[in-house]
Amino acid sequence: MTSVARVVLDSPLPQLDRLFDYRVPAELEDDCVPGVRVKVPLRTGARMSDAYVVEIVSEGDWPGELSPVEQVVSPVPVLAPEIWTLARAVADRAAGVASDVLRLAVPTRQVRAEKAWLARDTSWSPPAVEPTTVTGYGEGVLEALLADHGRAAVDAVPHPVDLGTADDPVWVPGWAATLAQAASQVVAREESAVLAVPDFRDVTDLERALLAVLPPERVVRFDAKQTNGQRAKALLQARTHAVVAIGNRTAAFAPATELGLVAMWEDGDASFVEPRAPYVHTRDVALVRTAQSGAALLFLAHARSTDVQRLVELHWLQEVAPYRVPTPKVIPTAQQASAEGFAAQARIPSTAWRAAREASQHGPVLVQVANPGFGTGLVCADCGERAHCRVCGGPLGSPHRNATPQCRFCGALAVGYRCPTCGGGKLKPVGQGAQRTADELGRAFPGTRIVVADGSRLLDEVPARPAVVVATRGAEPSVPGGYACVLLLDGERLLAREGLRVQEDVLRFWTNAAAKGAPGAEVYLVGIGGKLATAMALWRLDGPAHDELVDRRALHFPPAVRVATLTGTDEAVTAAVEALGDAVVGAVLGPVPVPEDPVPGTVRAIVRFPYAHGGEVAATLKAEVIRRSSTRRVLPGGNRRRAAPTLRVRLDDAEPFTEV
C-alpha cells in the first residue's frame, strides 16, 4: 500500500497554513519519515516548495491523484514531533502561521552537522548524573515539586552562591544555582530540562552554574550568538539523550527526549518578546509546552511579573520562597540629608556616601545609574533648545566629556552643529549618564579605582578588590562573593517613564542589582519613598505585583485581559472588530492613525478580550487575515500585483502601552 506524507509548507502565507497530502514514491519510503525536510510541488509541477514531513499515513480515499514528494532533502529528522505540536499550538494562540514558529525552532540546514550526527557512535551514552540538593528553600521542598511535575513561582535566592570547593570556588548568582540544582534533579532521572533566560550574560552565568553540577555532555546551549551550524549541532544533540537546554528565546523550542522541567528566569524581561511574527512571548511558549508535556514549570525572579502574579492568585502556580536566607539590607534615603561637594554632584546622600566610602576600602561598590554616556542629552548653551539629529531627528548625546555629539537613535555624528533656533554652536550636557557619574565619583573617592560598565563597555565580572563600579541597569558585572555595598541612583528618572510595565521593570532593575551584593551588604535606594521603598526595605516584593494587578483588572488592561492590536486600513480594522462580536471586553481603543507606518492611511485599534475567549478571538482574526490576503486586488494604475496586506494582527502586544 502506498504511503502518504502529510507536510507543512515552509511558507509565511496564512492561506497555506495547513497540512498538505503528498504521495510517497516507493524509492523514497525509507527516508521519508516524520521530521525530515522534503521538496514538494505546489500548484504546478515546476514550482517546488520546502516542507517538513509531519506524519506518514496509509493511503486512503482521496478524490483524484495525489502529487508525489519530489525529494527528501536530508534523511535526518530535524523536526521533533513535540516541537511540531508546540509550534501548531503557539501559532494558533497568536493567530499566526506555524511555519513562522518553525523558523524559530529549526535552523537552516547544515550538512556538516547532519553528517556528523549520522556518523555518531549510537552505542555511546553520556555519564550518569548524581542529583544535587536544591539549597535555600527548606529540605526537599523543590525536590518534591519537581518529582510531582508541579508548577511554582519561585523567589530567587538574593545573593551569590558558591557551587565550587574551598580550593576551586565557583561563584554564581543565587537564581543560577537554584536552576542548576533543579536541573540536576531532573537529568538524574534521565529527563531533559529547558531553561530560558533573557540575555547572553545570564546564559553565561547559568552555564557556569550547570557545569559545576553536571558533566559538559549534559549541557546544550541555544542562543542568538551561535552560528547556524552550532544551532543545528545543538538541536541534534538534544534529540539523542537527556540534556539541559539553555539559552534565550530559542531555547524554549529545544527538542527533548523526555521533558521533565521548563523554567524561566525573569519572565518579565522585554527580551523574551519575539520581534518577528507571530511575536510570541517565551512565557506563553513555556505555558503551552508545559500543558502539552506535563513537565514541571518554574518561574524564578526576585520581583515577579504581574503575569506570574495573576497565575499565583488563580492558584495555578504555587509560591515558593527561600527559607532562612539572608535578604539584602535595603535602606531608602528619601528622608536623609544630602551630601556636599563631589558626593552631592554624584547624587549620593551623606549616609550612603559614608557607607560606600568605608566599603570601598575592602571591596567593590556597585553604583547603578539609569543612562549610559556622559549626559542624558545635549542642549544649546545659549537658548537651552534640545539638540536633535539632522539626519533622523533623534536626540543628540555625548558618550564622554568633549566627545563629538552623536545621535542616540541612528548614531550619526553631529559635526559642526548649529542650533536651528538661535544659531549657537555650543552645546552643554544635561542630566548625568554613567561616564559623568564616574567622573564625579572619581573626585568623591580619590585614590579608588573607578570602573564603568554600560552598553559600550561590556564586563561580565570584576575582581573582589576595592573599586567603584558604575553600571547601567542590566549591565552590572558580577563579583565573586558579591559587592561590599550597592547604591541605586536615578530611581525618579526610571519611574518617570510612561508605560504599563514601568514599575515592574524598575523593581526588576533594583532587585537584580541588590542581589549582586554580598550577604549582609547594605543597599541604598536613593531618593525613593512610599510603597516601593517599603517593599524593597522589607524584601516583600509580591505586594507591588498584587497592587498593579488590582489596578489592571479595574482598567481591563493586560495581564488581567488579553489584547489584540489590529493594524491596517480603516475598513479592514473596522470589519475585524465587528467580526469579533461579543468576545470583546470593554470599549475598543481606536482606531487611531499610525503616522510612523510606511503605508499612508494606516490605522490601529486595540481590542481586549478574556482568556476564555482566546481561541475564538485568534481563530476569527486569523480568518479575517486569510480572507483579505487571499483576495487579489488591483493597485492604482492597473498594476495587477498583489497589494500590501490591508490587515495585520498581533496578540498580546505591549508596545501600544509603552512610551518609546
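## Exercises on a predicted model

An open sheet of seven strands runs in the order β10-β11-β9-β12-β13-β6-β14, and its pairing is parallel. Strands are DSSP runs of E with at least two residues, helices are runs of H or I with at least four, and both are numbered from the N terminus. Two strands pair if DSSP finds at least two bridges between them.

Residues are numbered from 1 along each chain as its sequence is written. The model is predicted, so local features need pLDDT of at least 70 and side-chain atom pairs count only at pLDDT 80 or more, while totals for chains, interfaces and linings use all residues; side-chain values use heavy atoms, with hydrogens and water left out.

**Exercise 1. Describe the largest cavity and its lining.**

Step 1. Start with the term: on a 1 Å grid over the protein atoms alone, a cavity is a set of points where a 1.4 Å probe fits but cannot get out, and lining residues have an atom within 4 Å of a point. Grid points are joined across faces, edges and corners, and a volume is the space filled by probe spheres set on the points.

Step 2. The structure holds eight cavities of 30 Å³ or more, and the largest has a volume of about 110 Å³. Of the 14 residues that line the largest cavity, Tyr279, Val280, His281, Asp284 and Asp652 are the closest to its centre.

Step 3. α1 (81–93) and α8 (282–293) each supply at least two lining residues. The largest share, three residues, comes from α8.

Step 4. Sort the lining by class: nine residues are nonpolar, one is polar and four are charged. Ala, Val, Leu, Ile, Met, Phe, Trp, Tyr, Cys and Pro count as nonpolar, Asp, Glu, Lys and Arg as charged, and the others, Gly among them, as polar.

**Exercise 2. Locate the backbone features at proline 278, histidine 149 and aspartate 652.**

Step 1. Keep a general point in mind: most residues other than glycine have a negative phi, and most peptide bonds are trans.

Step 2. A cis peptide bond joins alanine 277 and proline 278, with omega about 5°. Proline 278 sits in the loop between β12 and α8.

Step 3. Histidine 149 is not a glycine, yet its phi is positive, about 55°. Histidine 149 lies in the loop between α4 (141–147) and β6 (151–155).

Step 4. Aspartate 652 also has a positive phi, near 55°, and is found in the segment after β28. Aspartate 652 is partly exposed, with a relative accessible area of 32%; buried means under 20%, exposed over 50% and partly exposed in between (1.4 Å probe, protein chains only).

Definitions and conventions: On a 1 Å grid over the protein atoms alone, a cavity is a set of points where a 1.4 Å probe fits but cannot get out, and a pocket is an open set with protein on both sides within 12 Å along at least five of seven lines; lining residues have an atom within 4 Å of a point.
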